[in-house]
Amino acid sequence: MGKSKKTVLKRIGMISLILLSLYIIGTILFVSFFPRIYLANKYDTKMSDYKVYDYCPGNFHFDIDYWAVVWHDSYLVYEAKDDGRIFNVKFMNFRYYDAYQMNDVEQWLVEILQERIDENIDVVNIGANSVYGIYDQKNGHYKNVLWTKNNVDEILIREMINGIFIKDDNIEDYLENPNVLEITTYYNYGNTNAYFDEYIKDLNNKLYKNYQTRNIKIYLHKTELTMYDGNINCGVNLNELTELEKKYIIIANY
């Protein structure tokens, strides 16, 4: 009987060791090997051109906002060795997607909107989800996309941006009370005049004419805004505006 127990324990130990080994090998393939194959094929580069920058496995986490334990998906962050870009790589629907082109996409969007909508547009606020690909509503999954200046219109048409920022040194012209230092309301809410309404209406008409959309949030600002690094996230960090920046910013379409 004792010998039988030892045999069972030995088998359990062997099975556990095999499962652990498979888990380690699978993690290495998932984190470091398969994403490099994907990136090399997509961008016609070499696997050695990329290295893992950060990885967080999926985990259960207590979310204080919901007062519940929720599941957080794993995430991958890679670095491109040639230009130092740090970007997210996401695994969805058993496929990899990436945000390597985020900087390029943001710049192309700014240039296109300057040409078609308003020459004073200086930032298009986007996140990684905007450049992973195009969501195919019919089939229920993302379509991987190699972005160019000729196809970034899709991001605007599908309203996959967080906002358009327009710099105007004469922002007081749009305010009912131009002394913004005395205004304490949220981003000048309720402090705009008819000139502002006319200006925003014209912008919305141009957006609708070009992209059939009216739901893009528009920000007018005067002072230089706090920006993200641009490698992992592009655009304006609205959570880190200074008090002065908040005084000299107006939100439309909210």
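A residue is called buried when its relative accessible area is under 20%, and exposed when that area is over 50%. The model described here is predicted.

By the cut-off for burial, Phe-30 and Tyr-96 are both buried. Their rings form a tilted aromatic pair, with 5.9 Å from centre to centre and 40° between the planes. The pair joins distant parts of the chain, since Phe-30 belongs to helix H1 and Tyr-96 to strand S6 (residues 95–98), 66 residues apart. Tyr-186 and Tyr-187 form a stacked pair, because their ring centres are 4.2 Å apart and their planes stand at 25°. Tyr-186 is exposed, with a relative accessible area of 56%, whereas Tyr-187 counts as buried at 6% relative accessibility.

The two pairs are set out below.

| Aromatic pair | Centre to centre | Angle between planes | Type |
|---|---|---|---|
| Phe-30 and Tyr-96 | 5.9 Å | 40° | tilted |
| Tyr-186 and Tyr-187 | 4.2 Å | 25° | stacked |

In the whole structure, a search finds 14 aromatic pairs. One aromatic cluster is made up of Phe-30, Tyr-38, Phe-91, Phe-94 and Tyr-96. Another ring, that of Tyr-100, has the charged end of Arg-85 sitting over it, 4.8 Å from the ring centre.

**The largest pocket**

The largest pocket has a volume of about 160 Å³. Strand S4 (75–80) and strand S5 (86–92) are the elements that give two or more residues to its lining. Of these, S5 gives the most, with four residues. Eleven residues line the largest pocket, and those nearest its centre are Phe-30, Asp-73, Ser-74, Tyr-75 and Phe-91. Phe-30 and Phe-91, named here in the lining, are also members of the aromatic cluster.

**Two positive phi angles**

Most residues other than glycine have a negative phi. Asp-44, which is not a glycine, has a positive phi of about 55°. Asp-44 is found in the loop between helix H1 (2–43) and strand S1 (50–56). Asn-188 likewise has a positive phi, near 60°, and is a residue other than glycine. Asn-188 lies in the loop between strand S10 (163–167) and helix H5 (194–211).

Which of these residues is buried and which is exposed? Asp-44 is exposed, because its relative accessible area is 72%. Asn-188 counts as buried, because its relative accessibility is 3%.

Note on methods
Residues are numbered from 1 along each chain as its sequence is written. This is a predicted model: local features need pLDDT of at least 70, side-chain atom pairs count only at pLDDT 80 or more; totals for chains, interfaces and linings use all residues. Side-chain values use heavy atoms; hydrogens and water are left out. Buried means under 20% relative accessible area, exposed over 50%, partly exposed in between (1.4 Å probe, protein chains only). On a 1 Å grid over the protein atoms alone, a cavity is a set of points where a 1.4 Å probe fits but cannot get out, and a pocket is an open set with protein on both sides within 12 Å along at least five of seven lines; lining residues have an atom within 4 Å of a point. Grid points are joined across faces, edges and corners, and a volume is the space filled by probe spheres set on the points. Rings of Phe, Tyr and Trp (its six-membered ring) pair if their centres lie within 6.5 Å; planes under 30 degrees apart count as stacked, over 60 as edge-to-face and the rest as tilted. A charge sits over a ring if NZ of Lys or CZ of Arg is within 6 Å of the ring centre and within 35 degrees of the ring normal.
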